[in-house]
Amino acid sequence: MTRRPHRVAEGGRIARDRPLSFTLEGRTFSGFAGDTLASALLANGLTLIGRSFKYHRPRGFVAAGCEEPNGLVTLGETGRTTPNIAATMTELHDGLCARRQNGGPSVDFDLMAINSWLAPLLGAGFYYKTFMGPRRGSWMFYEPFIRRAAGLGRAVHERDPDRYETRYEFADVLVIGAGAAGLAAASAAGRSGARVLLVEQDSLLGGQLLSRHLKDRCETWRGAAVAAVAACPNIRVLPRTTAFGLYDGNMVGLLTRYAPGQPQSARGEAREVVTTLCAKSIVFATGAIERPLVFGDNDRPGVMLASAAQTYLNRYAVSLGQRIVVATNNDSAWSSAAELARSGAAVTIVDQRAEVAAPLLELARQGGIAVELASVVTRAFGRRRVKGARLAALAGGAERTIDCDLLCMSGGWSCTVHLTSHTGIKPTYRAAIDSFVPGALAAGHFGAGAVMGSFGLAQGILEGNFAGAQAARHAGFALGAPEPDPDHVQVLPDEPYNLEIARGAAGKMRGKAFVDFQSDVTTDDVTNAQQEGFESVEHLKRYTTLGMGTDQGKTSNINAIGLISTLRGQAIAAAGTTTFRPPFTPVSIGALVGRNIGHHFRPIRRSPLHDWHASNGAAFIEAGPWLRAWYYRWAGDTVASAYIKEMHAVRSAVGISDISTLGKIDVQGPDAAEFLNRVYVNGFAKLPIGKARYGVMLNDDATVLDDGTTARFSETRYFLTTTTAQAGEVMSHLEFLHQTAWPELQVQFLSVTDEWAGMSVAGPKARAVLALAMPDHDFSDATLPHMGCRELIYEGGALRVLRLSFSGELAFELYVPADRGTGLWELLLTRGAELGIRPYGLEALASLRIEKGHVAGLELDHRNTLDDLGLGRMAGRDKVYVGRELRERSELKDPQRWSLVGIEGLEPDARLRGGAILFANADPIHGHGRGYITSVTWSTVLGRFIALGLYQGGLAHQNEEIICAFPLKNEIVRARIVSPVFIDEQGERMRV
Amino acid sequence: MNTGSANGPTGNERMLKIVCPNCGERHYTEFRYAGDATKSRPRHGSADLRAWHDHVFLFDNPKGAHREYWQHVLGCRQWLVLERDTATNTTGRSWLASEAAPP
């Protein structure tokens, strides 16, 4: 790699007194504060920034801004590694560490460059057409290799140590873009007193003005405008902030990148922030993007947009060539050429137009610029660095080659219509400037300057003023906003912008002429796509991947649409554009997610007994939003051994379990009984005071919504419990029915889940434990029979006791106010110690119910009906309840529906697994089977694995042998269908 | 639209905010969406299977003005009927589902 310092001795917006040091693939380079990574690399003479996506052709920088298609690097190391960052948008800082991408072993020496010799084979659709065989699914085999050969940077798996934030903000007027039009708009809106937010993706304000020479009189205007904005107290300026998306509700997504090179995370500050901004009105001043010309080998390093060369020269003091060719079809490149000539370079303008305005010729004469009219560049020469350009006169005649070390191109400017199009407003084509302009703007949206197709500077400022004042008025700030001083504006040049659509050279081109640099799409690819019938721009995009890179085709869109229109012989306006979608430029996922990572991903709910569990050897498991005690160390070090011992404690003596997570709803009112009677399939109208009842409620479509018990404590007061998982759903369901369907019923609901700590004391010795713990109360079968409930006093507060059993043993559910939970829990354990009471966790709780065939969340998946779950008999034949009518649908009465069965393993040592697929013995083991296992446990009573599951035809197949297949582990286990109630079918154990 | 003042925003600036009749103008993330509110639920106990079928399974998906159920789950928990333009997301009037629609 030959290197030559390109830094101009003076000028530019760099701080020469603040040198910075950075590395590229470990080699140290230097630059200055104010540089971008791109400008610093170019100043160091590095022109090869990457290898192209598909052909691995050497590539250099094309642009100086966010539209850069080639100059993508990977920044940072370990967890901070960020791939595919445009070096043109990366502010240089001390210690910055970058790597180039897509080269193996290195970008400078890339073995995959063989692809560029294979290029004739690798056109659009090549991979899909070629890697089809030998059989279906082969693409899945080839794809990883192809993706590895193509592609950009790689993400890493390490955790990013930096911090990201999301926030909300509001403004009266949002001005997007701080070029001349945006600065004028912000000032005008600010003068009205409105709260104005001015966002600019660059670190400096001024837009294209920043690329003018520092002694240019525009700089005086820029300085005054920036000072005016800064002095206005109600204008807030956010530099380094990209408005990446426009959404409904005047909502705009903003990404702010904080100043580089500071140890933000060490100070607890965010590296990037996504702001969701709601503004009353919006001014779009997003400017325009220059586009390349399409000619042979137009991707060689050293072929660059004319405006970019001007930016590197004037803003960054980097001179990129001594012999420069500027190829163009429009007026703007002439002023770029004049700026380049002023640096001392020998410049030749090649303009496809036969005639240009006299002032341009005068500009060229003054700058000593050679002019070739009615001519085009058909090809670039050089491989790693451009060496010459082939010129052809459009009138015909011999082509000639001129030497150059920089080939600038300007095919005109494309208005940055992305944001204005995000909400579905199609941009419209304006032939005079060969660009799309925003479609009809919504109320409260205003545009100014280049984005609207107004490329003159003075015009842009006038439009900005007008739009800013209009936007403020729309936001309700009618006063103020005096007109700007017309003299002030008139001193500024308002260069005309004329253009002739660039289509001339197509027939004379040699070499690969790239339309989209980043996606490696050439004119041949577009032609092939058209010939194969992919004519619509949306099809063209998907077939060739044109515009699908990280740059989203900012430089390629118009050229591609122009080419396909020419091929089809139709107008560009008829072809239209592809759909613009957010984000405008890439947004890191970290910034979108903000702080919602790790434990902050969602809130964790903890039982009021959590601390006791934690300090007494509980292992925890997430159950929905809850963190629940899973098993306890007293019973074993792993769940597999512990839950069996815990189950055994319950079945043989007594256990205690935390059930605080159950949903609890306080239902009160004169019509509470009537209401509950309507929502439950079984009768609640006649539930006596002091009794509880198990109930099931359905969705309107007759699938089971939830089950639980409801206790009646007085004429008008009920205590309703839900499953842990469905608590919120049930609450909303009850409120919905009450408020939308039966507002005449006098009933109220209140969620009291967090108010009560709940615990279940279960086992043959449960009553004895309660008697020891609370000798003043009577828990005898006569006072508190099975399904009875009582309100008692514990330590001066409420204690609700419900004699219910989920485990099938004699059991009591006890509820006390949450802050008394631990006290009661410890009392029961202490007093019950002599009876052998032990805490048991969620795993044992869930397993005990399987032995009893009780359904729970895994079976209640909103797809099963009452009959599927064997609960059909609960519904009263003449009773009216929610879901009754649609239960009568014939589909739901099909005897072949998958319904609840018990499953008993036939191989003593082979475990059954949840999710295993069930097959009849004679079935081939293939496909979706006849059902699946929902819940599994080892049964301490039966000494074997048992399970609940859903099986086609259900218990009609009782005692048949089946096969449980678990393909993930290649397991096949024999089993038998049995009743889902494995033990104590008559329920005698819980009635003692 | 009970919050639009003479100077204040009206129409599309209010999108993605919902006026709760109890709590006032709130961000839409405080609410939970629950579907079409233009249909009337068959009377409790109605044995008309066809009516229930249509109520539960058949929905229009209009582009433009629509009425929907929303619940202010992170506020007063009341169910509302909200006017919303499905094409522009512009929200309009709202009232409690337990009360009659305003004229």
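Mentor: Helices are DSSP runs of H or I with at least four residues, strands are runs of E with at least two, and both are numbered from the N terminus. This is a predicted model, in which local features need pLDDT of at least 70 and side-chain atom pairs count only at pLDDT 80 or more, while totals for chains, interfaces and linings use all residues. Residues are numbered from 1 along each chain as its sequence is written, chains are lettered from A and ligands numbered from 1 in the order in which they are written, and side-chain values use heavy atoms, with hydrogens and water left out.

Trainee: In what order do the elements of chain B run from the N terminus on?

Mentor: Chain B has one helix and six strands. From the N terminus on, the order is β-β-β-α-β-β-β.

Trainee: What percentage of the residues of chain B count as buried?

Mentor: Buried means under 20% relative accessible area, exposed over 50%, and partly exposed in between, with a 1.4 Å probe and protein chains only. Chain B has 103 residues, and the buried share is 42%.

Trainee: Is A:Thr275 buried or exposed, and why?

Mentor: A:Thr275 lies in strand S13 (residues 272-284) of chain A. Its relative accessibility is 1%, so A:Thr275 counts as buried.

Trainee: Which side chain makes a polar contact with the side chain of A:Thr275?

Mentor: A polar contact is a pair of N or O atoms within 3.5 Å; within protein, one must be able to donate a hydrogen and the other to accept it, and residues adjacent in sequence count only if both atoms are side-chain atoms. For the side chain of A:Thr275, at 3.2 Å, the partner is A:Arg167.

Trainee: How much area do chain B and chain A bury between them?

Mentor: Buried area is the accessible area (1.4 Å probe) that two parts lose on being put together, summed over both. Of the area here, 58% is on carbon and sulfur atoms. The total is about 2700 Å².

Trainee: Which residue of chain A meets B:Arg32 in a salt bridge?

Mentor: A salt bridge is a side-chain nitrogen of Lys or Arg within 4 Å of a carboxyl oxygen of Asp or Glu. The rule finds three across the interface of chain B and chain A. In one of them, at 3.2 Å (N to O), B:Arg32 meets A:Glu729.

Trainee: Which element gives the most to the side of chain B that touches chain A?

Mentor: Helix H1 (49-57) and strand S4 (65-71) of chain B are the elements that give two or more residues to that side. With five residues, the one that gives the most is H1(B).
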